[in-house]
Structures are given as C-alpha cells and as structure tokens.
Amino acid sequence: MNLRLTVPRWFDGREAHARRWTLTVADGRIAGLEAANGASPFDVDVNLDLDLDLGAEDATLLPGLIDAHVHLAITNTDPATRELPPALLALRMVRNGHAQLRAGVTTVRDLGAPDGLDGQLRRAFAEGLATGPRLHLAGRPLVAPGGHAAFMGRPVASADDARRAVAEAVAAGVDWVKLMATAGLSTAGAEASEQQLPDAVLQAAVSEAHAAGLPVAAHAVAGPGVRAAILAGVDSLEHGYALDADDVAAMHDRGTVYVPTRTVVRQVAEAFEIEGSRPPARARAAAKRADATHGDAIRRALAAGVPIVAGTDYQHGALPLEVALLVDAGLTPTEALRAATSAAARLLRRPDLGTLEVGARADLLVVRGDPLRDVRALRDPLLVVQGGAVVWCAPELARRGVSASLGTRTLSPGTPG
Ligand SMILES: [Zn+2]
C-alpha cells in the first residue's frame with residue numbers, strides 16, 4: 001500500500017530530528033523523506049491508500065522496533081506449560097507475535113523453540129496464514145544433555161556432536177545458532193552460574209557455524225561459561241548478569257554484542273504474574289542476586305564501548321520496558337532507542353531494518369509524546385506499520401479512518417506496565 005505520513009519529529013534509528021517531515025511509502029519500502037510541504041513524488045501520479053497528517057500532534061515517528069531476544073513459543077516461567085502440544089504452542093506463538101506487533105515490534109530474533117516450530121511459524125506468515133513480526137530464528141538451541149532448556153534443545157555430548165548439531169541446524173534453515181553455555185535462573189538442580197557446555201563444545205559449534213556463514217548467540221548468565229563463550233567467538237552474549245572488566249574488554253576486542261535482557265531478570269525477581277503463573281521461588285532468589293549486579297554489568301559494557309542491543313526473552317510486547325530499563329542502567333534515551341532499532345538491525349545483519357531512510361523497509365512506529373526525552377512514551381503507540389501495511393492503530397486513528405489488520409485492541413494483559 002502507498003502511504004504518506006507527516007510527523008512533527010522523528011528518530012531515524014540513530015539520530016533525532018525535531019522538524020516537521022513527510023515520509024512516503026510505496027511497495028513496502030520508504031520512497032521519500034522530506035521536509036513537510038516539499039514536493040512529493042506522490043503529488044504527481046500515485047494514488048495514496050492513506051494520507052495521515054500528524055504534524056500538529058505531540059507524536060514521534062521511529063523505525064519499527066526490533067526485539068533481539070524472544071521465544072515466541074514460551075509464555076511463562078512454569079516449566080510444565082512449556083511442554084504443551086505443538087498445535088497449541090503454535091497458536092500461542094501467533095498470539096505472542098500479535099502482542100509484539102501491537103507494541104511496535106515489527107522484527108524479532110527468536111532464540112529457541114521446540115520442534116522447529118519457529119521455522120514453521122515463519123512459513124505460516126509467508127503463506128499469509130497469520131500476521132506476525134519478521135522472524136530471525138535459531139530453531140532448537142544446542143544444550144547440555146539434561147541441561148538448561150533441555151525441553152526444547154538439541155542435546156550435545158561432545159565437540160563432534162556439536163558439529164553435527166550445527167549441520168542439522170543449517171539444514172533446518174536457521175538464521176542463528178543458539179548455545180546454552182550456562183544454566184539459567186530457573187534450571188532445576190543447577191546453580192545459574194554453572195557452565196554446561198564445555199569449552200571444546202562451544203569452540204566447535206562456533207567454528208562450524210561461522211564456516212557455514214551463520215552467527216552464534218550464547219545464553220551465558222554468569223560464571224566461567226560467560227568468558228568461555230566470549231573467547232569461543234560468539235557474536236552475541238545473552239543475559240550476562242555479572243560481566244566484569246575483563247569480560248567487557250574481551251567482548252570489545254572481539255566485537256561481541258551484549259543483549260542483557262534485563263526485562264526477564266526483573267520479571268522473575270519481582271515475580272510478575274504471566275498468565276496466572278509466577279516464577280518458582282528458587283528462581284526468584286537467583287534473579288534478585290542477578291538484578292543486583294546487572295546494572296553494573298551494563299554500565300561496564302557501555303563504558304567499554306560494547307554494542308548493547310535490546311531483548312526481552314519471553315514477555316511478549318515488553319520491549320518498551322527493556323528500553324526503559326536500559327536507560328535506568330545508564331544509557332541515554334537515544335542510545336537505548338538505538339539498541340532497539342539500528343544496533344539490533346546491525347546484529348541481525350539487516351541494513352534495511354531499524355532505520356528510516358529511502359529504500360529501507362517501511363516498518364514504522366508512531367508513538368504519542370517524545371521518547372527521546374522520556375522513553376516511557378514507547379508504551380503509547382499510535383500506529384504500527386510493517387512492510388508498508390498498517391498492522392495496528394490506536395482507536396483515535398481508527399476514528400480518523402485508519403484501518404489496521406490487527407484492529408485497535410490494546411496490549412495483551414500479560415504485558416507489564
Ligand atoms: Zn532466552
């Protein structure tokens with residue numbers, strides 16, 4: 001669809017612009033960006049499906065957000081509910097994807113799903129069976145036998161087995177290889193800081209993945225598995241609740257990206273209820289310890305120049321909270337917004353996403369207020385566009401004649417304030 005949008009201010013994924021501008025979209029891509037009232041290619045001979053002038057509103061245009069760490073197949077922290085039959089999980093994944101879109105998240109990196117469900121979901125989106133965020137996916141993560149995330153993982157027993165597992169992942173069409181280097185907050189029978197994949201397995205998996213052209217993400221919360229994953233050469237380090245000065249120096253040297261996922265630590269520490277279930281008390285105590293050091297880890301990474309990217313884990317549509325938590329840890333609003341747009345796109349190797357420039361994909365978010373002054377404005381979306389199609393709009397825009405594929409319903413009840 002062809003649309004024209006006039007806004008009083010915008011953030012292009014890197015910098016803010018406090019001027020009235022008009023953005024035009026054709027065939028799913030940004031076709032023009034110019035000072036409002038300038039000549040538009042659409043003034044001449046192109047029919048507009050939507051011409052929305054928000055120039056007099058208190059509103060800000062941004063690129064569609066990117067959540068770089070989700071599991072659409074996981075809805076809460078109760079291990080029993082993670083072992084649901086695949087058809088039910090698939091429908092929940094669609095619902096969780098809708099929650100992401102309504103929050104302005106037009107792209108996600110799904111870092112682990114059972115049974116290849118993430119790949120099947122992407123195919124369903126491509127066939128038009130459902131609407132959802134663009135999916136970059138990892139399929140079944142490589143896990144220690146019986147270790148963290150064993151319910152969805154591909155158990156790996158040796159370096160040779162790791163090479164086979166990566167070859168299987170490549171054959172399954174994944175975009176990322178995911179390694180569970182350490183245990184996690186909710187792992188039964190293990191301290192979160194326990195290293196679960198040995199150094200030789202991490203090294204074999206990374207070299208095999210890189211040889212196949214695939215990047216690697218490592219779940220590594222704390223303990224020796226963090227440094228082992230960094231030294232093995234993973235492209236992104238997930239969680240890292242207690243990074244020290246040597247960790248961040250090693251990450252800076254190797255260009256490792258840090259995805260702290262502060263949202264999930266807060267969720268478990270504060271025991272937010274998701275769908276009627278709360279995290280187990282054991283995980284809650286571990287999360288409180290993690291939360292106590294996480295802010296310092298983020299500040300160290302920031303000071304060392306390590307790229308920081310926003311990810312939530314399994315609270316679907318909570319990316320605005322993650323951005324606010326990054327600001328709380330010391331990022332400026334501009335840095336935190338980059339973490340959810342251009343920096344995330346760089347991690348995903350998608351120069352056409354996370355940016356507002358001519359030729360980029362027309363994934364757009366308009367929010368009320370100015371998130372560059374106060375990122376809490378991200379919680380107040382007005383309009384979400386994906387690939388040039390309006391997927392969600394606020395009721396006040398619906399009254400102005402805007403129609404959206406997901407209608408005007410507000411965020412899902414599982415989303416924290
Ligand atoms: Zn995760």
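This is a predicted model: local features need pLDDT of at least 70, side-chain atom pairs count only at pLDDT 80 or more; totals for chains, interfaces and linings use all residues.
**Exercise 1.** Decide whether His69 and His71 are buried or exposed.

*Solution.* The step needs one cut-off, since buried means under 20% relative accessible area. His69 has a relative accessible area of 0% and is therefore buried, and His71, at 4% relative accessibility, also counts as buried.

**Exercise 2.** Describe how helix α1 packs against helix α2.

*Solution.* Helix α1 (residues 86-102) and helix α2 (residues 117-126) pack at an angle of about 55 degrees, while their axes are 11 Å apart. This angle makes α1 oblique to α2, and the crossing of the two helices is right-handed. On the α1 side the contact is made by Pro86, Leu89, Ala90, Met93 and Val94, and on the α2 side by Leu117, Asp118 and Leu121. Sorted by class, the contact has seven nonpolar residues, no polar ones and one charged residue.

**Exercise 3.** Work out how α7 and α9 are oriented to each other, and which residues meet.

*Solution.* Helix α7 (residues 262-269) packs with helix α9 (residues 319-328) at an angle of about 95 degrees, with axes 8 Å apart. Angles of 65 to 115 degrees count as roughly perpendicular, so α7 and α9 are roughly perpendicular to each other. Arg262, Thr263 and Arg266 in α7 meet Leu321, Glu322, Leu325 and Asp328 in α9, and the residues of this contact divide into two nonpolar, one polar and four charged.

Technical notes: Residues are numbered from 1 along each chain as its sequence is written. Side-chain values use heavy atoms; hydrogens and water are left out. Buried means under 20% relative accessible area, exposed over 50%, partly exposed in between (1.4 Å probe, protein chains only). Axes are lines fitted to C-alpha atoms, for helices over the stretch in contact, and angles run from 0 to 180 degrees between N-to-C directions. Helices (H or I, at least four residues) and strands (E, at least two) are DSSP runs, numbered from the N terminus. Angles under 35 degrees count as roughly parallel, over 145 as roughly antiparallel, 65 to 115 as roughly perpendicular and the rest as oblique. A crossing is left-handed if the near helix is turned anticlockwise from the far one by less than a right angle, and right-handed if clockwise. Contact means heavy atoms within 4.5 Å. Ala, Val, Leu, Ile, Met, Phe, Trp, Tyr, Cys and Pro count as nonpolar, Asp, Glu, Lys and Arg as charged, and the others, Gly among them, as polar.
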